[in-house]
Amino acid sequence: MSQISDKQVPKRRVKTGRDRKQNQDEDVNKDGGPISNCEVISNSCGICNEIVKDDERAMECEICEVWFHIVCEKMPSVVYDYIVAVDQQISWYYTSCQKGCVKLHKSIKELRKQTGILSNKQTVLEEKVNVLAEVVVENQEASKATEARLGTLEAKAVNVEEN
């Protein structure tokens, strides 16, 4: 597989040499504040702790946002080239983060299943509430009619008593 130039490498996976140099050589970060240990460490490989240089092939884990030399991660160059070539279509996770992702995906799948069940139950309950609302309206109308008849009967009873 052919080599991919730095210009083709996705921004989310490779930092420019200027960004790294700025973080290493200056006492301020891009926001103007002091450089924290996290910013310096973020340029280091998560396995060997060496600085990830521009000319080295490395990936940034999308979960922990730590850089890893593909050699340290034991990633074949062919796999790296493929991931870079398809750009945003593939997510890459460090081995340890990947285990957490599997658990997370299982949890999400279970939550989707439970959400579907709850949604179905909600639909059934809404239908029952609508039926009950109709019954209440019918009962209110019947009650009004009964009250009107009762009023009429009371008036007739008063007429009968007076006669």
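Analyst: **The nonpolar core and its surroundings**

The protein chain has four helices and two strands, where helices (H or I, at least four residues) and strands (E, at least two) are DSSP runs numbered from the N terminus. Along the sequence they follow the pattern α-α-β-β-α-α. This is a predicted model, in which local features need pLDDT of at least 70 and side-chain atom pairs count only at pLDDT 80 or more, while totals for chains, interfaces and linings use all residues. Residues are numbered from 1 along each chain as its sequence is written, and side-chain values use heavy atoms, leaving out hydrogens and water.

Let us start with the whole chain. Of its 163 residues, 21% are buried; buried means under 20% relative accessible area, exposed over 50%, and partly exposed in between (1.4 Å probe, protein chains only). The accessible surface comes to about 12600 Å², and carbon and sulfur atoms account for 55% of that surface (Shrake-Rupley method, 1.4 Å probe). Among contacts between residues at least 6 apart in sequence, 50% join residues at least 24 apart, a contact being heavy atoms within 4.5 Å.

Now to the part you asked about. The largest nonpolar core has 11 residues: Met59, Cys61, Phe68, Ile70, Met75, Tyr80, Ile83, Val84, Trp92, Tyr94 and Cys97. Helix α3 (residues 77-86) gives the largest share of this core, three residues. The term covers buried Ala, Val, Leu, Ile, Met, Phe, Trp, Tyr and Cys residues joined through side-chain atoms within 4.5 Å. In soluble globular proteins, nonpolar side chains tend to be buried together.

Just after α3, Asp87 takes a positive phi of about 50°.

Next come the rings. The structure holds two aromatic pairs. In one of them, the ring centres of Phe68 and Tyr94 are 4.1 Å apart and the planes lie at 5°, so the pair is stacked. That pair links distant parts of the chain, with Phe68 in strand β2 and Tyr94 in the loop between α3 and α4 (95-162), 26 residues apart. Rings of Phe, Tyr and Trp (its six-membered ring) pair if their centres lie within 6.5 Å, and planes under 30 degrees apart count as stacked, over 60 as edge-to-face and the rest as tilted. Phe68 and Tyr94 are both buried, and together with Trp92 they form one aromatic cluster.

Tyr93 is also found in the loop between α3 and α4, but Tyr93 is partly exposed, with a relative accessible area of 23%. Not counting residues up to four places away in sequence, Tyr93 touches Cys61, Glu62, Ile63, Gln98 and Cys101.

Cys64 is partly exposed at 31% relative accessibility, whereas Cys101 is buried at 6%.

Most residues other than glycine have a negative phi. Glu65, in the loop between β1 (58-60) and β2 (67-69), instead has a positive phi near 60°, and Glu65 is exposed, with a relative accessible area of 52%. Lys74, in the loop between β2 and α3, likewise has a positive phi of about 60°, and Lys74 is exposed at 73% relative accessibility.

For annotation, an unreviewed UniProt entry places the feature "domain: PHD-type" at residues 45-78; such annotations, given in the numbering used here with shortened names, may be inferred rather than shown by experiment. Over that stretch the chain is 6% helix and 18% strand, with the end C-alpha atoms 20 Å apart.
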